[in-house]
Amino acid sequence: MSLMDRSKFLDAIIENAIDGIITIDDKGIIEHLNPAALELFGYERVELVGQNISKLMPEPDYSRHDKYLSRYEHTGQKHIIGTGREVSGKRKDGSVFPFRLGVSEIKFSDRKIYTGFIHDLSKEKANEEQIKSYTEKLEVKIKERTQDLVKLVSELEMAKENMRALFQKEKELNQLKTRFVSMASHEFRTPLSSIQLSASLIDKYTTKQDTASVEKHTLKIKNSINNLTTILNDFLSLEKLEAGKVEASAQSFNIISFAEEIAEEMQMMTKQNQHIIYEHTGTTAEVYLDANLLKNCIINLISNSIKYSGEDTLIQFNTILKDDELILEVKDNGIGIPKADQNNLFEPFFRAHNTGDIPGTGLGLNIVKRYVGLMNGSVVCESEQNSGTIFTLNFRFIK
């Protein structure tokens with residue numbers, strides 16, 4: 001190939017290259033641009049040939065380019081703009097775009113020139129930005145979905161806990177219903193059967209004028225009626241408590257006379273040779289509580305002591321008053337409460353397993369605990385099977 005042919009071949013390569021190619025002299029003056037470079041920057045050839053290459057540079061490279069070339073001429077230190085790196089170019093319309101620049105230095109006998117190879121990065125950058133934007137949006141979506149998932153898991157856990165609670169409540173309710181049906185069928189049937197039998201026997205003994213037998217069965221009728229009255233009173237008290245109709249109304253009263261009156265009243269309901277012993281400890285007697293609620297609690301506890309203790313036994317009823325604290329104790333030496341039953345003692349309709357045929361609703365202690373709670377007090381039970389039971393009520397009051 002001749003020198004001329006080789007020159008035409010190189011010109012053809014440059015003119016048809018996809019990347020832009022620009023040639024400048026050692027002063028930075030543009031000598032040649034291929035069509036790709038002209039299209040990239042948006043100029044006609046006549047607008048750039050003879051112009052300083054800095055015309056195609058945005059700030060700050062526009063102002064610094066001549067200094068770079070001058071420094072190279074005097075020191076030999078290369079500082080050509082962005083060689084081999086990503087730089088920015090300025091189009092005719094003022095827009096700026098990124099490109100990768102490769103610069104070659106070509107020396108001739110009388111001078112040297114620089115050829116810059118320009119690879120447009122606009123599409124790559126656009127793709128990068130698009131990918132970055134998509135990634136950021138995806139990260140936001142993932143974060144949102146993760147938060148939604150965490151929230152959903154939390155809601156599911158909460159729902160599971162609520163379901164467990166509902167199942168537990170339903171189970172407890174079914175147990176209460178079972179206890180109630182069992183208790184009601186037994187407690188109503190037993191006194192009614194006793195009344196019916198005693199009434200029939202009274203008619204029989206009346207014809208024989210057997211006064212002792214008549215009195216015996218009359219007493220059974222009275223006791224059965226008392227049992228039914230107690231059951232109905234417990235149901236009524238429970239209904240009022242459940243409906244929120246019971247409120248504590250405190251008043252000042254003498255605890256000694258109050259307790260003595262109750263002890264005397266309950267003595268009339270004791271078994272043969274059962275005795276209620278009341279004692280008070282303290283230098284004062286005035287308390288500030290709801291007398292009606294407190295009386296109901298004491299009667300309930302003493303009634304239990306009478307019911308679950310045998311004949312020829314003592315029931316101790318004590319009040320202890322110190323400063324603004326009242327401690328009330330009811331102690332017996334009856335059948336006691338099994339350890340296994342003591343945790344459920346204050347639940348409605350619950351009865352200890354050793355009560356046998358002794359009548360009761362299983363409501364009394366639940367009502368006591370709730371009445372005591374309305375007066376901001378506490379109730380504690382200590383018991384041992386076959387050794388007796390002590391119930392202690394504790395109240396602090398402000399006059």
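In what order do the five strands of the open sheet lie? The order is β2-β1-β5-β4-β3, with antiparallel pairing. The model is predicted, so that local features need pLDDT of at least 70 and side-chain atom pairs count only at pLDDT 80 or more, whereas totals for chains, interfaces and linings use all residues. Residues are numbered from 1 along each chain as its sequence is written, and side-chain values use heavy atoms, without hydrogens and water.

View 1. The edge strands, each pairing on one side only, are β2 (30-33) and β3 (86-90); strands are DSSP runs of E with at least two residues, helices runs of H or I with at least four, both numbered from the N terminus, and two strands pair if DSSP finds at least two bridges between them.

**View 2. The pairing of β4 with β5.** Strand β4 (residues 96-107) runs antiparallel to strand β5 (residues 112-120), and the two are paired over nine bridges. Within this view, valine 103 stands opposite glycine 116 of β5.

**View 3. Leucine 156 in helix α5.** Helix α5 spans residues 122-208 and contains leucine 156, which counts as partly exposed because its relative accessibility is 49%; buried means under 20% relative accessible area, exposed over 50%, and partly exposed in between (1.4 Å probe, protein chains only).

**View 4. Proline 359 in the loop between α9 and α10.** Proline 359 counts as partly exposed because its relative accessibility is 28%. Although 51 residues separate proline 359 from tyrosine 308 in sequence, their C-alpha atoms are 9.8 Å apart in space.
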